[in-house]
Amino acid sequence: MALLEVQNVSKAYKTQSAPVVALQNVSFEIDPGEFAAVVGRSGCGKSTLLNVCGAMDFPTSGEVVIDGQITSRLNDAALTRLRRQKIGFIFQSFQLLHTLTIAENVELPLMLAGEKNTRRAALERLDWVELPDVADRYPHQISGGQQQRTAIARALVHNPRLLLADEPTGNLDTVTGDIILQLLHRTAHELRVAVVMATHGAESTAAADRVIAMRDGRLETATVFR
Ligand SMILES: Nc1ncnc2c1ncn2[C@@H]1O[C@H](COP(=O)(O)OP(=O)(O)O)[C@@H](O)[C@H]1O
Ligand SMILES: [Mg+2]
């Protein structure tokens, strides 16, 4: 069964003038273990699509189904649980907290969920993203690529089924960006997470199993490479 189903999704933002249509009748599915890239130029609706895929925002029409759960039918408590248990998010700007150490940043989602042994789980994930030696440093003491790997460790610390990555290589040079792409590929294939990455750079798509090309809020083509 698909881990993520996007069914005929449209999204219009209300504004003071005419509504802005950001998505129109978009449909696709992503399986567990699949690395999908959403591509298209700036303004085509990539971030909007990722936000609705992560139940951070809601379609105007259509349905998003995550691990069998129809998001429009969930109440606030169930949505919070779905996001906390099943979804991880990473961003272009890393979004680390600068007053916390690397390990504390990774532990934070578990602490907020009231879990114990958060330190050990964080160190295991830092190991997995190949950052074993920086646990007690602060974000400004490590490189951009290391900061993004920290953000990936944080996004994976609760073993989500779905990882959403919005322009994750946008602030990185190409060599460092490629390391992040390989890590996302490994996350999909080895951890069996469904990974959906938005990018406006077509060169980022070589590692992807599926490319979802967007244009002006519509699905242009969806190509599967596996
Ligand atoms: N909160 C918002 N209010 C109004 N319009 C928005 C909002 N967010 C995005 N948009 C518009 O929706 C369209 C898609 O934006 P976005 O999803 O950010 O595209 P992308 O991530 O591909 O650059 C754009 O026209 C953008 O200006
Ligand atoms: Mg965007």
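Trainee: How far does helix 5 reach from its first C-alpha to its last, and what span is expected at 1.5 Å a residue?

Mentor: The model is a predicted one. In it, helix 5 covers residues 144–156, which is 13 residues, and reaches 18 Å from first to last C-alpha. The expected value is also given as 18 Å, and the span is close to it.

Trainee: What makes helix 5 largely enclosed by the rest of the structure?

Mentor: A residue is buried if 20 or more other C-beta atoms lie within 10 Å of its own. Twelve of the 13 residues of helix 5 are buried, so the helix is largely enclosed. Among them are Gly145, Gln146, Arg149, Ile152 and Leu156.

Trainee: Which elements do the buried residues of helix 5 pack against?

Mentor: They pack against strand 6 (87–91), strand 7 (162–166), helix 3 (102–112), helix 4 (118–128) and helix 6 (174–191).

Trainee: Why is helix 3 called roughly parallel to helix 5?

Mentor: Helix 3 and helix 5 pack at an angle of about 30°, with their axes 7 Å apart. Angles under 35 degrees count as roughly parallel, and helix 3 is therefore roughly parallel to helix 5. The contact is made by Ile102, Asn105, Val106, Leu108 and Pro109 of helix 3 with Thr150, Ala153 and Arg154 of helix 5. This crossing is right-handed.

Trainee: Why does Arg186 count as partly exposed?

Mentor: Arg186 lies in helix 6. A residue with 20 or more neighbours is buried and one with 12 or fewer is exposed. Arg186 has 16 C-beta neighbours inside 10 Å, so it counts as partly exposed.

Trainee: Which residues of the largest nonpolar core touch the most other members?

Mentor: Of its 62 residues, Val38, Val195 and Val196 do. Leaving aside residues up to four places away in sequence, Val196 touches Leu4, Ile30, Ala36, Val38, Leu50, Cys53 and Leu164.

Methods
Residues are numbered from 1 along each chain as its sequence is written. Chains are lettered from A and ligands numbered from 1 in the order in which they are written. This is a predicted model: local features need pLDDT of at least 70, side-chain atom pairs count only at pLDDT 80 or more; totals for chains, interfaces and linings use all residues. Helices (H or I, at least four residues) and strands (E, at least two) are DSSP runs, numbered from the N terminus. The expected span of a helix is 1.5 Å times one less than its number of residues. Two residues are in contact if their C-beta atoms, placed from the backbone, lie within 7 Å. A nonpolar core is a set of buried Ala, Val, Leu, Ile, Met, Phe, Trp, Tyr and Cys residues joined through C-beta atoms within 7 Å. Axes are lines fitted to C-alpha atoms, for helices over the stretch in contact, and angles run from 0 to 180 degrees between N-to-C directions. Angles under 35 degrees count as roughly parallel, over 145 as roughly antiparallel, 65 to 115 as roughly perpendicular and the rest as oblique. A crossing is left-handed if the near helix is turned anticlockwise from the far one by less than a right angle, and right-handed if clockwise.
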